[in-house]
Amino acid sequence: MRVIICTLALLAFGGAMGQSWCPPGAEWEFYFGSQQAWGITYAHYTGDTLIDGVPFQRIDHTIHAVNPSWMFGQPFVLELPPLYTRYADDVVHIWPGLLQPIDTLMWFGALPGDHWRLHGLWEGDHVTVLDTGRFLLGEEWMRWLVVDVPDWGPDTLRERVGFDMVYLQPELSLGTDFNTIGLKCYSDEILTNSYTGPAGWEPCQFTVGLDALNASSPSPLYPNPGTAHFTLSLPPGPHLISLFDAMGRMVLEQRTAEERPVIGTDHLPAGMYRITVRDERGGVRGMSWVKEG
């Protein structure tokens with residue numbers, strides 16, 4: 001499902017803008033992590049714009065993070081190029097930018113066995129639908145699809161919400177050094193309460209500010225990538241260490257009062273993991289860790 005951008009191709013999409021994607025006030029929080037920083041990626045629908053005379057939704061997104069070794073651990077903000085999406089006939093299309101083709105991002109009407117090429121994947125790689133069903137979002141029933149994403153594995157795609165783990169711009173999730181991974185929260189003006197994603201281990205913020213990212217450094221982690229273990233450097237006091245896989249499942253939990261605990265990971269498969277560290281006051285720090293095969 002690829003269309004080279006031109007006026008006729010865009011007009012062919014047609015269809016009215018629905019509420020199955022990007023309703024007023026739509027905003028997302030995902031976790032962001034790299035080998036040097038951690039934080040959140042905040043995305044929000046900021047309004048419609050015209051591309052060759054056809055309305056597209058503009059989604060602005062920024063990374064809000066802390067780098068412990070840069071500027072003495074001060075928070076920083078990285079503004080990403082905006083995303084442009086359009087919803088028509090159960091399909092969410094994405095336009096990555098000038099001179100790039102329009103691709104299929106999500107296909108809510110797909111059935112088991114259907115597939116599409118997801119923007120950001122190698123040519124020939126496809127997302128394949130494994131199962132479908134419905135879930136309650138606020139007071140409305142919405143569709144979900146379990147999909148197999150190349151170089152990632154199974155993920156759940158939810159109508160109006162998006163992927164559980166893969167980010168709105170998939171290539172930001174499929175790398176190894178710079179990752180937005182795991183839906184923390186979703187909200188819009190239709191919902192009475194925000195939707196908590198599978199990676200929602202901390203309260204939703206939905207702010208452009210960095211209140212949740214104070215100037216204190218996150219817990220250093222090494223080696224990263226690693227194999228049979230990783231070591232954390234923690235401040236004095238008891239801590240609860242939790243490890244989550246790419247599907248948001250907790251695969252390890254350990255309490256420690258050591259300042260440099262060594263966490264064994266021999267039993268875990270290779271892949272990307274999310275680590276959270278909670279202190280006795282309820283403070284939470286997070287980071288990503290990669291286990292090599």
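This is a predicted model: local features need pLDDT of at least 70, side-chain atom pairs count only at pLDDT 80 or more; totals for chains, interfaces and linings use all residues.
Residues are numbered from 1 along each chain as its sequence is written, and side-chain values use heavy atoms, with hydrogens and water left out.

Is Cys-22 buried or exposed? With a relative accessible area of 4%, Cys-22 is buried; that word means under 20% relative accessible area, with exposed over 50% and partly exposed in between (1.4 Å probe, protein chains only). Leaving aside residues up to four places away in sequence, Cys-22 touches Trp-28, Tyr-45, Gln-57, Ile-59 and Thr-85, where contact means heavy atoms within 4.5 Å.

Now to the sheets. Strands of a sheet pair through backbone hydrogen bonds, either parallel or antiparallel. Here, five strands make an open sheet in the order β8-β9-β10-β11-β12, with antiparallel pairing; two strands pair if DSSP finds at least two bridges between them. At the edges stand β8 (115–116) and β12 (162–163), each with a single partner strand, so one side of each has no neighbour in the sheet. Inside this sheet, nine bridges join β9 (residues 127–137) to β10 (residues 140–149), and Asp-131 has Val-146 in β10 as its bridge partner.

Another open sheet has three strands, ordered β15-β16-β19 and paired antiparallel. Its edges are β15 (221–222) and β19 (262–264), each with a single partner strand, so one side of each is left without a neighbour in the sheet. Three bridges join β16 (residues 229–232) to β19, and His-229 stands opposite Gly-264 in β19.

Finally, look at the rings. The structure holds seven aromatic pairs; rings of Phe, Tyr and Trp (its six-membered ring) pair if their centres lie within 6.5 Å, and planes under 30 degrees apart count as stacked, over 60 as edge-to-face and the rest as tilted. Tyr-87 and Phe-108 have ring centres 6.3 Å apart and planes at 45°, so this pair is tilted. The pair links distant parts of the chain, 21 residues apart. Tyr-87 is buried at 7% relative accessibility, and Phe-108 is buried at 2%. Trp-107 and Trp-116 form an edge-to-face pair, 6.2 Å centre to centre with 70° between the planes.

Key:
Helices (H or I, at least four residues) and strands (E, at least two) are DSSP runs, numbered from the N terminus.
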